[in-house]
Amino acid sequence: MDYDLAIIGAGVNGAGIARDAAGRGLSVLLCDKGDIGGATSAASTKLIHGGLRYLEHCEFRLVREALREREVLWQIAPHIIRPLRFALPHQPSLRPAWMIQLGLFLYDHLGHRQRLPGSRRISLRHHPVGEPLRKTYSTGFCYSDCWVEDTRLVVLNAKDAAERGASVRPQTACVQAQRNGSLWELTLDHQGQSETVSARALVNASGPWVNQTLVKTLGQPPALPVRMVKGSHIVVPRLFDHQHAYIFQHHDGRIVFAIPFEDDFTLIGTTDQDFQGDPAQASASEQETAYLCDLVSRYFRQPVDPASVVWSYAGVRPLIEAEGEAAKASRDYSLHLDAPTGQAPLLSIYGGKITTYRKLAEAALDRLALTARDHAAGWTGQTALPGGDIALDQWDEWFASCQARWPWLPETLMQRLTRTYGSRIETLIGQAKRLNHLGAHFGADLYQAELRYLRDHEWTRDAQAALWRRTKLGLRLSAQEQQAVEAWFTEGDSLG
C-alpha cells in the first residue's frame with residue numbers, strides 16, 4: 001500500500017505528527033515495534049510546563065514556546081490535563097530570592113498566560129504548603145504549570161490520527177527502509193508477518209533509537225550525535241494532604257519535583273544520568289532512589305526512605321549532544337531533513353519534550369512540505385483530542401450531567417473515568433444500567449467494560465499497558481489481581 005507519509009516511532013512526537021498529517025488530508029502510516037507511547041513518553045514527570053530552570057540556561061525560545069503550549073493543550077484535552085500550582089521553598093544558599101523572582105516574572109510574561117494564575121511570594125509559616133516542610137524554610141514562591149497523563153496524551157493523538165484515516169500499527173517493527181527514487185519502500189514485521197509498503201516521505205521519530213534506526217534500518221549514517229540521558233522517578237505513599245506540588249532545589253544545581261499522584265501517592269523525580277545500553281532496559285537504580293529520597297528528606301519533616309517506594313520507573317531522553325552535565329543538556333528539539341534532489345525525503349527527530357510535541361509536529365510537516373488537502377497548519381491547537389470536547393468552563397456542569405445520567409456509578413469511579421476518558425465514557429459504559437452490567441470486577445474500581453474499551457479502542461494488548469500506562473491502576477491491584485487482568489487479555493471475554 002502507498003502512503004503520503006510513514007512514521008517510525010509512536011511516542012508523543014510520532015503520534016503528534018501522525019495526527020497533524022492525517023488531519024491535513026495526508027495518508028499516514030504510524031508504526032512502532034512496541035506499544036503506543038510505551039517508551040520515553042511513558043516515563044516523563046507528567047508535566048506540561050515551560051521549564052523554569054531552562055531560563056538559567058538562556059533557552060528563552062524553548063521556554064516561550066512551551067509556556068504558550070500549556071493552555072493550548074489544556075484546552076484540547078481538559079480530561080487528561082489540569083492546572084497545578086507549584087511551591088518552591090527558598091533556600092538562600094542555593095539561589096538568591098531576586099533571581100527566583102526575576103525568573104518567575106519572566107515565566108509569567110513570556111507565554112501569554114490567560115487562565116493560569118501568576119506567581120507570588122508566600123510565607124511558609126502561614127500557607128498550607130509549609131505545613132509538611134521543615135521549620136527552617138520560612139519563605140517560598142508559588143507559580144503555575146499543568147499536569148498531564150503522559151501516555152494517554154500519546155494514545156489520544158494516535159487515536160485521533162486513526163479516526164482521521166491513519167493506519168496505526170503498534171507491535172509492528174520497520175525492519176528495513178530504502179529509497180526507490182521518489183518513494184521509500186518499508187518492510188514491516190508484525191509478530192512474524194512481513195509486509196512491504198511505500199511512502200512519499202519518511203519520518204524517523206524513534207526517540208532514543210533515532211540513530212540506531214538510521215544505521216540499522218535505513219542504512220544511513222547518524223545525522224546528529226545523541227546524548228542518552230536517563231531520568232528516573234519514584235512513587236511513595238502520599239506525603240502531604242494539599243493539592244500543590246513542590247519544586248525543590250539541590251546543592252548540585254538540580255531541581256526535583258514532589259507531585260500529588262493518583263490521590264494517595266506522591267511522585268518524586270527526576271534524575272539526570274548519562275546512559276549507555278538498551279533504552280528499553282532502563283530502570284531506577286538504588287543510587288538514584290537514594291538520591292531522590294535524600295533530596296526530598298532535606299525539605300520534608302517526615303523523612304522519605306527507599307523502603308517506602310511502591311513503584312519506580314525510568315526513561316531515556318535522546319538529547320542533542322553537548323559537553324557538560326547531563327542536567328544541563330538542552331531539551332530543545334532539532335529536525336534533520338535529508339532530501340536529495342529527486343529522492344524521497346527523510347526527516348529525523350532529535351530531542352524535544354512532551355510539552356512542545358504539537359509545535360514540533362507542525363515544524364516537521366512544514367519541513368517536509370507535503371501537499372495537504374484538508375486543514376491548514378495550526379488546526380491541532382483548535383480541535384479537541386478524543387474525549388476532550390468539553391469546554392474548560394463547562395467541566396463541572398458536564399460532570400454533574402454524567403452523575404445524573406449514571407447515578408449508580410460510585411463517585412470515585414465516575415471521577416476517574418471522566419478524568420481518563422472524558423466524553424468517551426459514553427462508549428465505555430455503553431448500555432449498562434447498573435454497576436454489575438460493567439462485567440467482572442478485577443479489584444479497586446476496575447471492571448471488564450474498561451478493559452474491553454482499552455482493548456478495542458486503544459490498542460491495549462496486555463496488563464502492563466492497561467495497568468501502568470493507559471491507567472495507573474497497578475498501584476491499587478494486588479499481584480493476584482494483576483494476574484487476573486493478564487489472564488483476561490489472554491483469554492478475553494470468556495473470563496467474564
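Me: Over which ring does the charged end of Arg419 sit, and how far is it from the ring centre?
Reply: This is a predicted model, and a charge counts as sitting over a ring if CZ of Arg is within 6 Å of the ring centre and within 35 degrees of the ring normal. Arg419 meets that rule with the ring of Trp395, and the distance to the centre is 4.3 Å.

Me: Over which ring does the charged end of Arg61 sit?
Reply: The charged end of Arg61 is 5.5 Å from the centre of the ring in question. That ring belongs to Tyr333.

Me: At what angle do H2 and H7 pack, and is the arrangement roughly parallel or roughly perpendicular?
Reply: H2 covers residues 60-76 and H7 covers residues 357-368, with axes 9 Å apart. The angle between them is about 105°. Angles of 65 to 115 degrees count as roughly perpendicular. The pair H2 and H7 is therefore roughly perpendicular.

Me: Which residues of H7 meet H2?
Reply: On the H2 side the contact is made by Glu65, Glu69, Val72, Leu73 and Ile76. By class, the contact of H2 with H7 has 4 nonpolar, no polar and 4 charged residues. The H7 side supplies Tyr357, Arg358 and Lys359.

Me: How many aromatic pairs are there, and is the pair of Tyr246 and Phe248 stacked or tilted?
Reply: With ring centres within 6.5 Å as the rule, the count is 16 aromatic pairs. The rings of Tyr246 and Phe248 have centres 5.4 Å apart and planes at 25°. Planes under 30 degrees apart count as stacked, so this pair is stacked.

Me: Are Tyr246 and Phe248 buried or exposed?
Reply: Buried means under 20% relative accessible area. Tyr246 has a value of 0%, and Phe248 is also at 0%. Tyr246 is therefore buried, and Phe248 is buried.

Me: Is the pair of Trp311 and Trp468 stacked or tilted?
Reply: The ring centres of Trp311 and Trp468 are 4.7 Å apart, and the planes are at 35°. That angle falls between the limits of 30 and 60 degrees, so the pair is tilted.

Me: Which parts does the pair of Trp311 and Trp468 tie together, and how many residues apart are they in sequence?
Reply: Trp311 is buried at 16% relative accessible area, and Trp468 is buried at 14%. Trp311 lies in strand E16, residues 311-320, and Trp468 in helix H12, residues 463-470. The pair therefore ties together parts separated in sequence by 157 residues.

Me: Which residues touched by Pro132 also belong to the cluster linked by ring pairs?
Reply: Pro132 is in the loop between strand E5 (120-123) and strand E6 (139-148), and it is buried at 14% relative accessible area. Leaving out residues up to four places away in sequence, Pro132 touches Leu239, Phe240, His242, Tyr246, Tyr299, Phe300 and Arg301. Ring pairs link Tyr137, Phe240, Tyr246, Phe248, Tyr299 and Phe300 into a cluster.

Me: How far apart in space are Pro132 and Phe300?
Reply: Pro132 and Phe300 are 168 residues apart in sequence. From C-alpha to C-alpha the separation is 5.8 Å.

Me: Where is the cis peptide bond, and what is its omega?
Reply: The bond joins Gly269 and Thr270. Thr270 is in the loop between strand E14 (265-269) and strand E15 (273-274). The omega of this cis bond is about 15°.

Me: What is the phi of Asp263, and what is the phi of Ala369?
Reply: Asp263 lies in the loop between strand E13 (255-261) and E14, and it is exposed at 61% relative accessible area. Ala369 is in the loop between H7 and helix H8 (395-405), and it is exposed at 61% as well. Neither residue is a glycine. Phi is positive in both, about 70° for Asp263 and near 55° for Ala369.

Me: Which residue just after H11 takes a positive phi?
Reply: H11 runs over residues 448-457, and its buried residues include Gln448, Leu451 and Leu454. Just after H11, a positive phi of about 55° is taken by Trp459.

How values were computed: Residues are numbered from 1 along each chain as its sequence is written. This is a predicted model: local features need pLDDT of at least 70, side-chain atom pairs count only at pLDDT 80 or more; totals for chains, interfaces and linings use all residues. Side-chain values use heavy atoms; hydrogens and water are left out. Axes are lines fitted to C-alpha atoms, for helices over the stretch in contact, and angles run from 0 to 180 degrees between N-to-C directions. Helices (H or I, at least four residues) and strands (E, at least two) are DSSP runs, numbered from the N terminus. Angles under 35 degrees count as roughly parallel, over 145 as roughly antiparallel, 65 to 115 as roughly perpendicular and the rest as oblique. Contact means heavy atoms within 4.5 Å. Ala, Val, Leu, Ile, Met, Phe, Trp, Tyr, Cys and Pro count as nonpolar, Asp, Glu, Lys and Arg as charged, and the others, Gly among them, as polar. Buried means under 20% relative accessible area, exposed over 50%, partly exposed in between (1.4 Å probe, protein chains only). Rings of Phe, Tyr and Trp (its six-membered ring) pair if their centres lie within 6.5 Å; planes under 30 degrees apart count as stacked, over 60 as edge-to-face and the rest as tilted.
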